[in-house]
Amino acid sequence: MRKFLILLVLPALLMANELDKWTIVVYGSAKVEVEADIATIVYGVTSKGASMEEAFSKLKKIIDIINTDLEKFEVDASDIFVSNFRNGHNYWSSSAFFKSDDYRASTNVTITNLKVEAVEAVLLVLGSNEIKDILQVSYALKSDTQYKTQARTMALESARGKAKEMAGTMGVQVGSALVIEELPERVPQSPFAVSASRRYLAMEEQSPYNASVAIDGGGVSSFYPQKIVISQHVRVIFHMPQ
């Protein structure tokens, strides 16, 4: 039985050695830059009242007014949702002499799937209402499938070109691909927040998926989406026929 196992393993080892001897391993990378087509805006709202019910009612009224204003920008109700809702005693900033602010209600509101060209107008709408602050403005693509396919094709072409260049230098030929492997992003892109308030517009972290603050010729700050970078990386093992 032991001799039989040796006979089975030996040809496999010989084939592996031959594969290592007559192959070339190369890596290919490519990226495609695309303009963002949708945006997400997150804003915070806070209200106070003599009771929890009053504080909540004021909070809801502010959000309802804003949602009505957003209808002109074709924002669907299903693309607006709240998070971090809190309602209770206002221990930290209530007045010692008046009961009108004994209770506090607060929440964050997220507007998604917003058209890029409507971002600045929506920011002005939010700023004209009784919100606490604009917490985040970020940009993305509705779909990146076609751009990933394009970048992946370019990465494979890059790998083959690199293999031919290296093989040509050594005076050998490149054959068919034996192994093709898609590699993960080398530096994952993190969706860091872009800060925007009524007092300033400033970039906290630079990311292809977020906004950058640009100054036009007239010195006016505006939000512009950066180009989103779609990257693809591959590893290919080519056969080198002798």
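Strand 2 (38-49), strand 3 (80-89), strand 4 (103-115) and strand 5 (133-140) each contribute at least two residues to the lining of the second largest pocket, strands being DSSP runs of E of at least two residues, numbered from the N terminus. The model is predicted, and local features need pLDDT of at least 70, side-chain atom pairs count only at pLDDT 80 or more, and totals for chains, interfaces and linings use all residues. Residues are numbered from 1 along each chain as its sequence is written, and side-chain values use heavy atoms, with hydrogens and water left out.

On a 1 Å grid over the protein atoms alone, a pocket is an open set of points where a 1.4 Å probe fits, with protein on both sides within 12 Å along at least five of seven lines; lining residues have an atom within 4 Å of a point. The second largest pocket holds about 210 Å³ of space, a volume being the space filled by probe spheres set on the points. Strand 4 gives the most to this lining, with four residues. The lining comprises two nonpolar, six polar and four charged residues; Asp, Glu, Lys and Arg count as charged, Ala, Val, Leu, Ile, Met, Phe, Trp, Tyr, Cys and Pro as nonpolar, and the others, Gly among them, as polar.

Ser47 lies in strand 2. Ser47 is classed as buried because its relative accessibility is 6%, buried meaning under 20% relative accessible area with a 1.4 Å probe and protein chains only. The side chain of Ser47 reaches the backbone oxygen of Ala55 at 2.6 Å.

Terms used: Buried < 20%, exposed > 50% of the residue type's maximum accessible area, 1.4 Å probe, protein only. Polar contact = N/O pair within 3.5 Å; in protein donor to acceptor, adjacent residues only side chain to side chain.
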